[in-house]
Amino acid sequence: MKKLEELTLIKPAPTIGDSSWFRHDRFGMFIHWGLYALPARHEWVKSREYIPTEVYDKYFRHFDPDLYDPKLWADAASYAGMKYFVITTKHHEGFCLWDSAYTDYKSTNTPYGKDILTPMVEAFRDRGLRTGFYHSIIDWHHPEYTVDRIHPMRSSEEYIAQDAKRDLNKYVDYLHNQTEELLKRYDPVDVIWFDFSVSANDRFPGKGRKEWRSEELIAKIRAINPKILIDDRLQIDQDIKTPEQRMQNEWVKVNGVPVVWEGCHTFSGSWGYHRDEETWKSVDQLLMMLIDSVSLGGNLLLNVGPTGRGEFDERAYDRLRGIGDWMKRHSRSIYGCTQAPLEFECPRDCRFTYNPEKKRLYLHMYTWPFGGVQLRGEVAEHVEYAQILSDASEVLYDYNDENKTLNLKLPVKKPLNAQIPVVELFLK
Ligand code: GLC
């Protein structure tokens, strides 16, 4: 038998910022909130429906989330077991949730009249969650922002003609200034999550690292907070790779090297509040997404789109509660866990996660195996004790030294309080 330390444990490439907490905590809440909560038909509505700024302005004039209470949001996130949150300080529409010195297009100038970001950061920090800011690099409101293939005015010849007079660099100064303003005002911000760069098409040039002056922006960010984690969408890979709306089959790699990664996903088919969208994922499905991510060494960032009144809707609460009910007894298989040693063969319909410090292996069963499950090979040799995680009830087993198989004896009935049951294996 090999020693545990001799087995192949994947470790991601080191990061510039401090990713130790991030790799431990594994689970965060994404929040997409802006004026698009009012049309309630996707956060891209301005682009999708080619809405000119003068028309889109009706949402600015009617934005009044009277039921907004970020303590309720933070409670829901904390109950679900989320350890950090990432809020859209500004999405592509350009509307700012904080009282920026660089624009009038902000929540304080709507009928609501107040800064939204400050009480949110306070509420989440009070409950021990770390702070992340999603910040849109692109901006469909700023007057100096030129037209590209996804801009709402891409089919207005009149608007496009004005591009000659627009100076994108002035917009980029604004982007840099606002980023610094946010990072200083809310210091320490743990994650800055930029989104995104635009490719060219036949008609319009793209916008990317050169236009954004990404190197310069990154240097400014690191000067304010050397520990901060930066994502990959400034077109320069930094600390976190962010695959979106698709599950992975293996640990995410860059040039063949495993890296720190976080998958971001929605509860349903939209990031912003979408009243009529019905493709809501079930609690079980969401839990499997969390487990799958950790089983491949990644994080899950799960998105909520609050309503124009300032609430999470019931469908989101329902999922968050369901996740929290499971996390209450199973978070040990998530926090501090990563992919199991590659030598460990995982039984059918199951997923392993592994806590290398505690030397515990977690066997998640996506279908209840009825009576027993068999571990074979290397993993079978290492088991020292086994229990059902939700109630710490012993799982008896037979070990066959000749075949190197270990049969875990499970009850016929799936354990209570465990939609996805987990066997905790203490390894030697
Ligand atoms: C996509 C969407 C955008 C969303 C982001 C989150 O880029 O277009 O609206 O904010 O994903 O990752």
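Residues are numbered from 1 along each chain as its sequence is written. In this predicted model, local features need pLDDT of at least 70 and side-chain atom pairs count only at pLDDT 80 or more, while totals for chains use all residues.

**Figure 1. The whole chain.** Start with the overall picture: 12 helices and 17 strands, where helices (H or I, at least four residues) and strands (E, at least two) are DSSP runs. The C-alpha atoms fill a box of roughly 80 × 40 × 40 Å along the principal axes. Of the 428 residues, 59% count as buried, meaning under 20% relative accessible area with a 1.4 Å probe, protein chains only.

Figure 2. Rings of Phe, Tyr and Trp (its six-membered ring) pair if their centres lie within 6.5 Å; planes over 60 degrees apart count as edge-to-face, under 30 as stacked and the rest as tilted. Trp-21 is buried, with a relative accessible area of 8%, and Phe-22 is buried too, at 0%.

**Figure 3. Tyr-68 meets Trp-73.** Here is another edge-to-face pair: the ring centres are 5.1 Å apart and the planes make an angle of 65°. Both Tyr-68 and Trp-73 are buried.

**Figure 4. An aromatic cluster.** Tyr-68 and Trp-73 also belong to one aromatic cluster, whose members include Trp-33, Phe-60, Phe-63, Phe-95 and Tyr-105.

Notes:
Heavy atoms only, no water. Buried < 20%, exposed > 50% of the residue type's maximum accessible area, 1.4 Å probe, protein only.
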